[in-house]
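This briefing is meant for a reader who is meeting the structure for the first time. Please look over the sequence and the model below before reading on.

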Amino acid sequence: MATPMLASAPSLLPPAVHQAPALVGNEYEVRAVLGRGGGAVVYRAFSRARNEDVALKMPDPSFESRGRVLAAVTQEALRLQGLHHPNIVPLLAGGHEGGVPYFVMPLAPLGSLRTLLARTGGPLP
């Protein structure tokens, strides 16, 4: 069962080979992979409570050093909890599913930063 927010990390022992479940936290229906990188995967997921699509980030199941990735994803979510700025995508929720941390953010309306930079051809104003 999911915890409402990532207040602290549970045991970071690597779980058995993890694949994203179809339903995370009994709320988020995983629909598609949006991107991979830095040891994590970002999925498009449907939030039943919000009745909208969101971005759901979990450790990449194929990454070799799962223990370090689990710790890094958990730390990223803990850091995001305290940040509130118009230029930072906010953390909506987080928890653990089967011992694997996840966190949820709104979908960025313009896509990833990489896509936005490629489309504009350079730095943003």
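**Contacts and burial of one lysine**

Leaving aside residues up to four places away in sequence, K57 touches A40, V41, V42, E76, P101, Y102 and F103. The model is a predicted one, and within it K57 has its place in strand β4, which covers residues 52-59. K57 counts as buried because its relative accessibility is 14%, and buried means under 20%.

**The sheet**

- Six strands form an open sheet with antiparallel pairing, and their order across the sheet is β1-β2-β3-β4-β6-β5.
- The edge strands, each of which pairs on one side only, are β1 (23-24) and β5 (93-97).
- Strand β1 runs antiparallel to β2 (residues 28-37), and the two are joined by two bridges, with L23 having E29 in β2 as its bridge partner.

**The nonpolar cores**

- The largest nonpolar core has 13 residues, and the members that touch the most other members are V24, Y28, L56, M58, Y102 and V104.
- At least two residues of this core are supplied by each of β3 (40-47), β4 and β6 (100-106).
- V24, when residues up to four places away in sequence are not counted, touches V30, L56, M58, E97 and Y102.
- As general background, nonpolar side chains in soluble globular proteins tend to be buried together.

How values were computed
Residues are numbered from 1 along each chain as its sequence is written. This is a predicted model: local features need pLDDT of at least 70, side-chain atom pairs count only at pLDDT 80 or more; totals for chains, interfaces and linings use all residues. Side-chain values use heavy atoms; hydrogens and water are left out. Two strands pair if DSSP finds at least two bridges between them. Helices (H or I, at least four residues) and strands (E, at least two) are DSSP runs, numbered from the N terminus. Buried means under 20% relative accessible area, exposed over 50%, partly exposed in between (1.4 Å probe, protein chains only). Contact means heavy atoms within 4.5 Å. A nonpolar core is a set of buried Ala, Val, Leu, Ile, Met, Phe, Trp, Tyr and Cys residues joined through side-chain atoms within 4.5 Å.
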